[in-house]
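Have the sequence and the 3D view ready.

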Amino acid sequence: MDNYIFVGCDSHEKTLVNKIALNREAAETKRFAADGEGRQKLIGYLKQKSKHAGGAKVIVVYEASLRGFNFCDELKMAGLECHVLAPTRIERSTKQKRHKNDDGDADQLWDIVRSHYLAGTTIPAVWVPDKQTRDDREPVRARQDLTEKRTKVKTQVQMLLKRHGLEKPEGIGKNWTKRYGQWLLGLSQTRAVATTGMRTALRSLLRQLDFLEKEIQQLDQALEDLAETPRRKPIVEELMKEKGVGVIMASKYTTDIGDFTRFRRGRQVGAFFGLTPSSHESGEHADRKGHITREGSPSVRKILCQAAWSRVQHDKHEREFYLRLVAKNPKKKKIALVACMRRLAVRLWHVGLQAQLKMEAAG
């Protein structure tokens with residue numbers, strides 16, 4: 001029988017609470033600081049414990065958090081095995097939810113990893129992307145964050161106008177066109193129309209919008225550059241051949257998937273993006289499908305929604321597919337759109353997989 005040292009680590013901003021045990025022995029509790037020095041002390045302690053146990057294999061698990069995967073990198077570089085678990089896939093009883101504490105969480109993590117290795121139970125681990133993939137995700141995320149901030153500022157402008165009873169003149173056209181922007185700029189400078197406080201607030205919001213627009217333009221260029229890199233270009237180019245998919249959508253999809261070969265079928269892709277319906281079945285009751293699980297990244301679903309809606313509007317076959325679903329239940333148009341999103345996500349995976357395999361074959 002192989003020797004294992006199982007470690008359930010409950011990671012927090014300042015502390016690491018660890019449940020540690022050799023094979024089936026009772027677990028001990030060890031606490032370390034969560035900073036770099038504390039993490040190295042933990043690694044040193046585990047390596048020393050492994051040495052005393054005749055070279056037992058150390059396996060550490062912790063929940064995915066805002067810390068990312070740096071701790072996992074450090075553990076693997078030290079020769080230890082690590083699994084990062086998905087918090088949403090860890091089952092917790094009502095009692096555990098009501099009486100949540102660090103020791104209890106660490107104990108549950110330790111029990112999960114020990115059960116997996118000694119009894120063959122499923123471990124709810126997430127895929128850990130390599131450092132380059134993680135780095136490629138950053139400008140994509142930054143770009144999405146800026147667009148959300150821009151939307152909020154635009155909403156603030158609209159609310160400011162409403163509070164002061166100001167409406168755009170006829171002939172201006174749609175909101176946020178060039179002419180609309182010129183009207184807002186003039187409004188922020190005209191004393192006869194707007195009060196001093198209102199003009200001050202409007203000028204501030206317009207400066208914020210101008211700044212965000214410039215930053216978005218710079219990140220757009222960064223995404224163009226990312227799409228031209230040898231590691232991304234073959235896949236992004238193939239994805240962009242699909243209607244409704246631009247460089248931002250292709251970059252977001254590619255960096256979130258990371259390795260297309262880690263999925264075996266399209267159903268797994270739909271589940272990864274949280275686009276599969278939840279299931280409710282008990283005893284003799286028939287299986288009832290509920291809302292989508294919403295697992296995975298919400299930002300990917302948002303951009304998939306935009307791309308799917310664009311395809312419905314501009315692609316004949318996609319529009320026919322959408323209308324067939326709507327005809328079955330006219331009151332559930334959102335369900336039809338989600339089906340289009342899932343269909344697009346799976347299609348992009350097939351396209352990206354073939355592009356990646358071709359790229360790998362070429363060396």
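Is the crossing of H7 and H9 left-handed or right-handed? The crossing is left-handed, a term used if the near helix is turned anticlockwise from the far one by less than a right angle, with clockwise giving right-handed. Before going on, please note that this is a predicted model, in which local features need pLDDT of at least 70 and side-chain atom pairs count only at pLDDT 80 or more, while totals for chains, interfaces and linings use all residues. Residues are numbered from 1 along each chain as its sequence is written, and side-chain values use heavy atoms, leaving out hydrogens and water.

Helix H7 covers residues 196–227 and helix H9 residues 247–257; their axes come within 10 Å and cross at roughly 60°. Helices (H or I, at least four residues) and strands (E, at least two) are DSSP runs numbered from the N terminus. Axes are lines fitted to C-alpha atoms, for helices over the stretch in contact, and angles run from 0 to 180 degrees between N-to-C directions. H7 and H9 are therefore oblique to each other; angles under 35 degrees count as roughly parallel, over 145 as roughly antiparallel, 65 to 115 as roughly perpendicular and the rest as oblique.

On the H7 side, the contact is made by Asp220, Leu223, Glu224 and Ala227, and on the H9 side by Val247, Ile248 and Ser251. Contact means heavy atoms within 4.5 Å.

## A second pair: H5 and H7

H7 also packs with helix H5 (residues 131–163), at an angle of about 160° and with the axes 9 Å apart. H5 and H7 are therefore roughly antiparallel to each other. H5 passes H7 in a left-handed crossing.

## The sheet

Now to the strands. Five of them form an open sheet with mixed pairing, in the order S3-S2-S1-S4-S5; two strands pair if DSSP finds at least two bridges between them. Strand S3 (28–33) and strand S5 (81–85) are the edge strands, each pairing on one side only. From one strand to the next, the twist averages 25°.

Strand S4 (residues 57–63) and S5 run parallel and are joined by five bridges. Ile59 has Glu81 of S5 as its bridge partner.

## Helices on the sheet

Helix H1 (residues 36–52) lies across strand S1 (4–11), strand S2 (15–22), S3 and S4, and runs at about 145° to S3. Helix H4 (residues 102–119) packs on the sheet too, touching S1, S2, S3, S4 and S5, with its direction at about 145° to that of S1.
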